[in-house]
Amino acid sequence: MNALSQAAPMSLHELDEFFLSDEAPDGSMALSNLDGFLTAVAIGPEQIKPSEWLPRIWGDEAPEFLSEEKANRVIGTILGRYNQIITQLRDDPGRYQPLIRQNEHGQVIARDWVAGFMDGVALRFHGWQALLKSKEYRNYFAPIAVHITDAQGNSPLKPEESENVKALIEQAAELIPAAVRSIDRFFKQTRQLGEGGPKLGRNDPCFCGSGKKFKKCCGRH
């Protein structure tokens, strides 16, 4: 048994305190950002090894752990949350809940979680195009995308998708979990196509509902 598996995991509250401490690099993610990041990695178009995504959590610097035991506890807790997301979405999707923070008035503030999620999307952005370019299934992304704005305050949503922005933001606590479950199902379906599941002919209509042939739609990615 390795040291990582022997280390007692932290609570998520303890992990949050670690991210706020001097041990964590200034550019590291906070707990809500981390949870969004882990979720995107867990449900995305392909499996990504922890050796690739773990360093992204810390930004430009590595953390200065006070001991090897502390390092194992922190990393073990992060991996534990990642595995929990995967297990819940596989075995009991209704149990999945993102770690989205609330302000002192109990209002859900989803922007941090979404920022972390988009960092996870960026790891395999090309692969996410099968979802983002689908006329039918890109709606799954709307409850997440509504919290994204550029430097000018513009949203990536199309005008017709932005009509209910206020409602989407106010219902983030309910809509984001549902969006994650839908995106997870979408990519599980696309992965099955590449892993011996039911095969689509390249001239068959694409499963995403775009109306295009598979070879000119999701089959391109």
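Q: Leaving aside neighbours within four places in sequence, which residues is Ile-57 in contact with in this predicted model?
A: The model is predicted. Sequence neighbours within four places are set aside for Ile-57. The contacts that remain are Phe-19, Gly-27, Ser-28, Met-29, Leu-34, Phe-37 and Ile-78.

Q: Which members of the largest nonpolar core touch the most other members?
A: This core holds 49 residues. Ile-57 is one of those that touch the most other members, and Ile-78, one of its contacts, is another.

Q: Is Thr-39 buried or exposed?
A: Thr-39 lies in helix H3. Buried means under 20% relative accessible area. Thr-39 has 0% relative accessibility, so it counts as buried.

Q: Which residues does Thr-39 touch, not counting those up to four places away in sequence?
A: One of the partners is Phe-117. The complete list for Thr-39 is Ile-85, Tyr-96, Trp-113, Phe-117 and Val-180.

Q: Are Arg-81 and Asp-35 buried or exposed?
A: The cut-off for buried is under 20% relative accessible area. Arg-81 and Asp-35 are each classed as buried.

Q: Where do Arg-124 and Glu-46 lie?
A: Their side chains meet in a salt bridge at 3.0 Å, N to O. The pair ties together parts that are 78 residues apart in sequence. Arg-124 lies in the loop between H6 and H7, and Glu-46 in the loop between H3 and helix H4 (50–53).

Q: Which residues are linked with Glu-46 in a network of salt bridges?
A: Glu-46 is partly exposed, with a relative accessible area of 38%. Its side chain meets that of Arg-124 in a salt bridge. The network links Glu-46 with Glu-52 and Arg-124.

Q: How many salt bridges does a search of the whole structure find?
A: Another of the pairs is Arg-90 with Asp-91, at 2.8 Å, N to O. Arg-90 counts as exposed, at 54% relative accessibility. The search of the whole structure finds eight.

Q: Which element gives the most to the lining of the second largest pocket?
A: The pocket has a volume of about 250 Å³. Its lining has 15 residues, with Ala-42, Gln-47, Ile-86, Lys-188 and Arg-191 nearest the centre. H3, H5 and H10 each give two or more residues. The most, five residues, comes from H5.

Q: How do the residues of this pocket's lining divide into nonpolar, polar and charged?
A: Lys-188 and Arg-191 are among the lining residues nearest the centre. The lining divides into seven nonpolar, two polar and six charged.

Q: What separates the C-alpha atoms of Arg-181 and Leu-89?
A: Arg-181 lies in helix H10. It touches Leu-89, Pro-93, Gly-94 and Tyr-96, not counting residues up to four places away in sequence. Arg-181 and Leu-89 are 92 residues apart along the chain, and their C-alpha atoms are separated by 6.8 Å.

Methods:
Residues numbered from 1 in each chain as written. Predicted model: local features only at pLDDT ≥ 70, side-chain atom pairs only at ≥ 80, totals over all residues. Heavy atoms only, no water. Core = buried A, V, L, I, M, F, W, Y, C linked by side-chain atoms within 4.5 Å. Buried < 20%, exposed > 50% of the residue type's maximum accessible area, 1.4 Å probe, protein only. Contact = heavy atoms within 4.5 Å. Salt bridge = Lys/Arg side-chain N within 4 Å of Asp/Glu carboxyl O. Helix = DSSP H or I, 4+ residues; strand = E, 2+ residues; numbered from the N terminus. 1 Å grid on protein atoms, 1.4 Å probe; cavity = no way out; pocket = protein on both sides within 12 Å on 5 of 7 lines; lining within 4 Å. Points joined across faces, edges and corners; volume = space filled by probe spheres on them. Nonpolar A, V, L, I, M, F, W, Y, C, P; charged D, E, K, R; others polar.
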